[in-house]
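Please have the structure open beside you as you read.

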Amino acid sequence: MIVIVKQNACPQQVENLKKELEGLGLQIHFSKGVNTTLMGLVGDTTKIDIGKIESLDIVEEVKRIQEPYKKANRKFHPENTVVDVHGVKIGGGDFQVIAGPCSVETPEQICEVARDVKASGAGLLRGGAFKPRTSPYSFQGLRGEGIQLLLKAKEEMGLPIVTEVMSYEDIDLFENVDVIQVGARNMQNFELLKRVGRLNKPILLKRGLSSTIEEFLMSAEYIMAEGNENVILCERGIRTFETKTRNTLDLAAVPLLKKLTHLPVIIDPSHATGIPWMVEPLTLAAIAAGADGVMIEVHNNPEKALCDGAQSLRPEQFDALMKKVNKTKEFFKTL
Ligand code: PEP
Ligand code: MN
């Protein structure tokens, strides 16, 4: 980190700042030019409050030259992290598919979809029990009962389950859930991130609707800083000026994240576009972009779905997509 000192800064105040920073265990190297003095800070600068230093009278500007995320940073962990969900590996070189309805509705619905997506080759079953809806009058999910239905589907079909937690107060209900999702709206719910960081189970973290890549990685860092390094990142579309699609899929985030972090990266083309026919081309594009997987909404009766039916694939559409996924995976292995 570099602190640019103002031209006519009081030398005593500069000395005080130097002492304060040294007190934090940092080494300070001065570089005095004709017009500016730079202070180079060497050591662990993660705990430094940049705003506080910037507010000092003697400081012109503070610049970070290292990323503020450490545990998620590929620089300090060059190998890919492979998240192992009871034998289903995400990030290990294979392209993993998570599929299922937006929300769990009935025992028949979740079991039928689980059976269908498993038969088509999905590795994990998704289904929302706690639903973050824009309107309080929309279906809010079956909550605890929804988790029980997912567990039953898991028992019958043998697919590990992924479901979203919205509040840390509900966390005990997720004891037998295989992967806990933290949704886009909660990406910066720091207390929730800390809470799931203390669990010993994989966390699927979705990118916030208007979050930068660095904010996304800092949220992963929150989870990892508490000890849980099993984090899967999910690009699910961001808010832009475009209105033709529900969100804008930032496909560039995939290679970018893969460069910056060792964590697995997947995409969610269902929420990114809101349009079922766009799910297939974007899934294939994600394979080409180097993603570790995809999460797709599938419903056995989209017209009657209680949530996101319009963007859900029918089981037969999902099956056709999976055939193309397998061919595309094979093709990329030959390159
Ligand atoms: C979901 O996956 O069901 C969901 C609500 O996604 P997001 O948080 O990306 O909107
Ligand atoms: Mn949905």
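1. Let me begin with the packing. The largest nonpolar core holds 68 residues, and those with the most contacts inside it are Val117, Leu125, Val196, Leu205, Leu233 and Phe318. A nonpolar core here is a set of buried Ala, Val, Leu, Ile, Met, Phe, Trp, Tyr and Cys residues joined through side-chain atoms within 4.5 Å; buried means under 20% relative accessible area, exposed over 50%, and partly exposed in between (1.4 Å probe, protein chains only). A second, separate core of 16 residues includes Met1, Ala9, Leu41 and Ile58.

2. A word on the basis of all this. The model is predicted, so local features need pLDDT of at least 70 and side-chain atom pairs count only at pLDDT 80 or more, while totals for chains, interfaces and linings use all residues. Residues are numbered from 1 along each chain as its sequence is written, chains are lettered from A and ligands numbered from 1 in the order in which they are written, and side-chain values use heavy atoms, with hydrogens and water left out.

3. Helices (H or I, at least four residues) and strands (E, at least two) are DSSP runs, numbered from the N terminus. Both Cys102 and His271 are buried.

4. Now ligand 1. Oxygen atoms of ligand 1 make polar contacts (N or O pairs within 3.5 Å): a polar side-chain atom of Lys131 lies 2.8 Å from one, and a polar backbone atom of Ala184 is 2.8 Å from one. Taken alone, ligand 1 exposes 290 Å², of which the protein buries 97% (Shrake-Rupley areas, 1.4 Å probe).

5. Finally, two backbone angles to look at. Most residues other than glycine have a negative phi. Asp308, in the loop between strand E14 (293-297) and helix H10 (315-333), has a positive phi of about 55°. Arg143 also has a positive phi of about 55°, and at 44% relative accessibility Arg143 counts as partly exposed.

Definitions and conventions. Polar contact = N/O pair within 3.5 Å; in protein donor to acceptor, adjacent residues only side chain to side chain.
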